Amino acid sequence: MATASEPRNTAHNKGSDHAINQLSSGHRFAGLAHAALAEGDAEKGEKVFRKCRSCHEVGQEAKDKTGPALNGIVGAAAGASPDFGYSNAMKEAAEAGLVWDEASLAAFLTKPRDFLKGTQMSFPGLRKEADVANVIAYLAGQQAVAEN
Ligand code: HEC
């Protein structure tokens, strides 16, 4: 099973030309990205993350559950938790070079299935822009996992 405290691979882009509709429209999400950067409050985000905890863990002991462990997810390549069984949709997005920056996270967390058709994350999305920004700020603080 996954030892979730393993560091994630750094973001990479294989330059694949697989077309993934939503990923190419960077401009569309620019506003959300700015909102996340400007307003994110990690303490509030910790509360928002309660909605994610049934499926996701963060922290030293984090393991993959229904969803992958999320340490270091901000800035990481998508689909990179070593032993997690991702959907084909996520694998294809990862191959196409999807990286979880503020913009892509904001889009995904607002409407997971619109952003990534076929994702197996059965979560309807966060309706409030502030919740999205705050949970991203919280996750951004969950980068460092001490190595043993
Ligand atoms: C019902 C379970 C469930 C809930 C609730 C849920 N997720 Fe997920 N999440 C998943 C699954 C399953 C995947 C893998 C999706 C795939 O492979 O298509 C995933 C994938 C992700 C990814 C991509 C991870 C990677 O390694 O690329 C992120 C980021 C994420 N979720 C964040 C969240 C956040 C933040 C919340 C709360 C706002 C949340 N999720 C709520 C099940 C869930």
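Reader: What makes a residue part of the shell around the ligand, and how many residues surround the ligand?
Author: A residue is near a molecule if its C-beta atom, placed from the backbone, lies within 6 Å of it. Here 28 residues surround the ligand, and the closest are C52, C55, G67, S87 and M121. The elements giving two or more residues to this shell are α3 (88–95) and α4 (102–110). Bear in mind that this is a predicted model, where local features need pLDDT of at least 70, side-chain atom pairs count only at pLDDT 80 or more, and totals for chains, interfaces and linings use all residues. Residues are numbered from 1 along each chain as its sequence is written.

Reader: Why is a set of residues called a nonpolar core?
Author: Because its members are buried Ala, Val, Leu, Ile, Met, Phe, Trp, Tyr and Cys residues joined through C-beta atoms within 7 Å. Buried means that 20 or more other C-beta atoms lie within 10 Å of a residue's own, again placed from the backbone. The largest such core has 29 residues, and A106, L109, V132, V135 and I136 touch the most other members. Its largest share, seven residues, comes from α6.

Reader: Which residues does V135 touch, leaving out those up to four places away in sequence?
Author: They are G45, V48, F49, L109 and L126. Contact means that two C-beta atoms, placed from the backbone, lie within 7 Å.

Key:
Helices (H or I, at least four residues) and strands (E, at least two) are DSSP runs, numbered from the N terminus. A residue is buried if 20 or more other C-beta atoms lie within 10 Å of its own, exposed if 12 or fewer, and partly exposed in between; C-beta atoms are placed from the backbone.
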